[in-house]
Amino acid sequence: MSHFNKRNDRTNRIRKTDDIENPIDEIVRLFTYYLGRQYNKDYYYTTQDENNCDLPTVWINGQKITSLVDYMVGNAIKMFENIEPSVKSTGKAAVNKKTELLDLAMLKFEVPELFLAMGDIGMEINPLGDAEQKFEIPEDLYRYMEYDYKEKSEMIAIKMAEDILYRNDFMNKYKQAFLYTLLGGYCGLKNRIENGKQYFDVVLPQNLIIDRAHDDDFLSQARFVGEVNWLSTMDVIERYQEYLTTEEIEEIKKITSNNLYQLLDLTTHPYATSWAFTFNNVPTLAVVEGYWVGMKDLRYEKTNDKFGNTHYAKMRKSKNGNYWTKTVYKAILIGNKYVVEAGECTNIVRDSNNPGDVFMPLQVFMPNMVMGENRSVVSRLHQHQDRIDYITNEITKMMNRAKGKVYLINRQKLGTSTAKDVISDFERMGIHITDGSATGEDFVAGQDARMVEVVDMTLDPNVNLLINLRQEEERLMEEIVNIPKVALGQQSGYVGAKTQAGTIAQSNLGTTYLYQGFIRFIEKHLQFSLNQYKISLMDEPETEIPVVGKRGKEWLKTIKDFQFEELNVHIKVKDFIDDAGRERIIAQAQAAMQNQMIDMIDYLKIEQARSYTELINELEYTLNKKKRDAEKQQQMQMLLAQAQQQQQAQQQQQMLATKEDNANYRKELDVSAKTGMPPQQMEQMPPEMEQQGGMPLEM
C-alpha cells in the first residue's frame, strides 16, 4: 500500500515533487477528457475579468479526444473479433512424441521399398493416420507437423482456452482494458478460479499498485502487485464474513462517520484519509488485495546411505531445510487493521523456461515503460485539447461582440418632440440612443454634433486566424496518434485511392507498438489463465472436469503427464479485411456477378465477410458446391444421352422386328395363295408341313 499513488524516485529527482501531479489524480483527470468534462485549469483565467466576475461567454469542452480514442478502440475491436488462439505443448513427453512420429513418417520417403514389401505381405504402418495420403514430398510432411498436427493435450488445451474466452465475454473485457490503457496508460487483468472454472476481471489503472523498479511493458520481474477498492462497511462484512472473526464483524458494524478514525486507529496515521472516509454519510474503507513474491522452504534434505549413494528425501524434523523456491503470497488488508485470506496462493503458475520463477495472478500491461513511468495516449493529447477549447472560447467571444452596423442617435438633436415610441422602435432595430457626451460633460446647445452616428461592429476578420490555429492544433493531435484526416475520411479535398491507402498504411506504423503490445499482453494473460485452469483441474474429481467431454476426462484421468506440461498460447490475428481491401473485393465481385461467375447470394456473402480467411472459405464452399452441381448436371446429361441412345436402339430393333414380321406375313400370304389355305390356318400348321409348302406328307 505504501507504493500506491506514488511516482518512482527516479522521476522525482528530475523535477520538484510539488510540480508533479500525483499519478492517480492525473489518471482521473485524463478520464474526464474522454467524458468531455475536463477542467480547463490552464486557461481558466480567460473566463473571468479582473474583478473575478464570470464573463458572459459559456465555456464548451471539446471532444476531439473522444473521437480519436473511439477510432483507435474501433481498430482494436476489429483485431479482437479476429483473434484465434493456438496452443503448443512444450512438455518433454509431447516434444519427444512429435519427433518420433516425424522420424517414423519420414521413413516412407527414405526407404519406400521397405513399406512396399510390407504391403505385399499385408502389413501397413500409418503413424499419422489418413493424413499420410496427402504427403507427396517431405515438405508436405514438415508443414503438416508444424501447422496442422495436434497432440491430444493441445486439442484439449484449445478447448479450454476457448472456454475461458467465451465464458468471460472476452470481447467486452479486452475492449474495456484497451480503453483504460489509452486513457490511463496501463491496465490490469486479475485471474481467479471459482467453482472449478477460470474467470478474469478488468482492473482500473487508478486502482492498481504496481512495482516500477524494472522497465518492462508486462512487469515480468515485478516483486509485488495489488488492487485497491473502497467498500462500505456493510459490503466488507458481506464479502469477507467467512474470513473475519465474530469480534471483528461486531466491531465493523459499530463504525460510523463519527468514530471512523478512532476505531480503525487512524487518528495519527499519515495516510488516514486514504484508508477510510465517509461518502453520503456511509463509512467507506480501503480494501487492498496484494500479491508478492516470497520464498518457500521445500523441506527437503540430502542424505547419503551406507553405500555412499546420495538421496533427497522429505524432512521429518521441524527444522529449516536447505532448498528454497519462489512462490506467491496473498493477503487482503481492510482499513489498515483487518487482515484476511493471508497465506500462500493456490494454483501457482511457473515460468516454463525457468521453473524457479513464478507469475502473478494479476497481469499488468504498461506500454512503453521508461524510468518506471509511461505516457498514455490521452496524456499526450490533453494539452492540445485545452488549447482548442481556449481558441473556441475566444472565437465565441468575438462572435458575441459582433453586432453588425450599429446606429448611434444623439437625443439632444431630436428637439422638443417626444421620442419614447421612436426610441422603442430604434431599440428593436438595434439602434442605440446617446446624449452625445462621451466624456461625461454636460451638453452645450449649439455644439457641433451629428444626429446619427454609424459604428461598425461586424465580426472581426481576425477570427480566421483563430480558426486556422484550431485546425493546426487538431492536426497535431492527429499526428500524435498517427490518424490523419484521410484515415478518418474527413479530408477537405479529393484524394486518390492509392494515396489514401498509402497514407493509412504509414499512419498505422505509429501505433503498431500499442496494438502489437496489447495482443502480446493477451497472449501472456491467456497463457497464464490456461495453465492456472489446467493446474486447478488436476485436483478436481473426474465427474467435475468441465469442457473437455467424457473422452477428455478419461484421458486426463489416465495420462498424468498433462499436469506437468507447460502450454504456450499464441494469438493469431486473422487477416481481417480493411476498408481499402473491401472496396477492391467488392469491385471484383461486381465484375464477377456481371459475367455470371457468381450470383446475388454469393455477392452478399462477399460483402458480409470480415476476414480474408472467412471470404476464402465461403468462396471455396460456393465453388465446390457449383462444381458438384455441375458434375451432377453433367451426369444427368450423360444419363439422359444414354437413355436417348437406348431409346433409339429400341426403336431400331422395333423397326427391324416390324420389317421382319412384315416379310414373314408376305411369305405366309404367298403360301396361302398357293395352297388355298387362309393365313390363320397356316399359323396352326406344324413347322415341317409349313416347310413343305403346307401339303400333307402322304401327298
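Q: What does the secondary structure of the protein chain come to?
A: The protein chain has 24 helices and 16 strands. The model is predicted, so local features rest on residues with pLDDT of at least 70.

Q: How many of the 699 residues count as buried, as a percentage?
A: The buried share is 36% of the 699 residues.

Q: Among contacts between residues at least 6 apart in sequence, what percentage join residues at least 24 apart?
A: That share is 70% in the protein chain.

Q: How do I read a helix, and what span should helix H13 have?
A: Start with the general idea. An α-helix has 3.6 residues a turn, so residues three or four places apart point the same way. Now the case. Helix H13 covers residues 377-401, which is 25 residues. At 1.5 Å a residue, H13 should span 36 Å. Its end C-alpha atoms are 37 Å apart, which agrees.

Q: Where does H13 bend, and by about how many degrees?
A: The bend in H13 is at Gln383 and comes to about 30 degrees.

Q: How do I read salt bridges, and what is the count here?
A: Side chains of opposite charge can pair when their charged atoms come close. The cut-off used is a side-chain nitrogen of Lys or Arg within 4 Å of a carboxyl oxygen of Asp or Glu. By this rule there are 18 salt bridges.

Q: Which residue forms a salt bridge with Asp201 at 3.7 Å?
A: Lys173 does, with 3.7 Å between the closest N and O atoms. Asp201 lies in strand S3 (residues 197-203) and Lys173 in helix H8 (residues 170-184), so the pair ties together parts 28 residues apart in sequence.

Q: What other salt bridge does Asp201 take part in?
A: Asp201 also meets Arg192, at 2.4 Å from N to O. Arg192 is partly exposed, with a relative accessible area of 31%.

Q: Which residue forms a salt bridge with Lys190 at 3.2 Å?
A: Glu289 is the partner, with the closest N and O atoms 3.2 Å apart. Lys190 sits in strand S2 (residues 187-194) and Glu289 in strand S7 (residues 282-297), so this pair ties together parts 99 residues apart in sequence. Lys190 and Glu289 are both buried.

Q: Which residues are linked with Lys190 and Glu289 in a network of salt bridges?
A: The network also includes Glu227, Lys330 and Glu341.

Q: How do I read aromatic pairs, and how many does the whole structure have?
A: A pair of aromatic rings is described by the distance of the centres and the angle of the planes. A search of the whole structure finds 16 aromatic pairs. Phe4 and Trp230 make one of them: the centres are 6.1 Å apart and the planes are at 50 degrees, so the pair is tilted. Phe4 lies in the segment before helix H1 (9-12) and Trp230 in strand S5 (residues 224-232), so the pair ties together parts 226 residues apart in sequence. Phe4 is buried, at 12% relative accessible area. Trp230 counts as partly exposed, at 31%. Phe178 and Phe518 form an edge-to-face pair, with 5.2 Å centre to centre and 85 degrees between the planes. This pair links distant parts of the chain: Phe178 is in helix H8 and Phe518 in helix H18 (residues 512-538), 340 residues apart. Both Phe178 and Phe518 are buried.

Q: Which charged residues lie over the face of a ring?
A: Lys173 lies over the face of Phe200, at 5.2 Å from the ring centre. Arg167 lies over the face of Tyr199, at 5.6 Å.

Q: Where is Thr181, and what is it in contact with?
A: Thr181 is in helix H8. Thr181 is buried, at 2% relative accessibility. Beyond its neighbours within four places in sequence, Thr181 has contacts that include Phe365, Leu514 and Phe518.

Q: Where is Asn531 found?
A: Asn531 is in helix H18, and it is buried at 3% relative accessible area. Asn531 and Val569 are 38 residues apart in sequence, with their C-alpha atoms 9.6 Å apart in space.

Conventions. Residues numbered from 1 in each chain as written. Predicted model: local features only at pLDDT ≥ 70, side-chain atom pairs only at ≥ 80, totals over all residues. Heavy atoms only, no water. Helix = DSSP H or I, 4+ residues; strand = E, 2+ residues; numbered from the N terminus. Expected span 1.5 Å × (residues − 1). Bend = angle between axes of the 7 residues up to and from the residue. Buried < 20%, exposed > 50% of the residue type's maximum accessible area, 1.4 Å probe, protein only. Phe/Tyr/Trp six-rings, centres within 6.5 Å; stacked < 30°, edge-to-face > 60°. Lys NZ or Arg CZ within 6 Å of the ring centre and 35° of its normal. Contact = heavy atoms within 4.5 Å.
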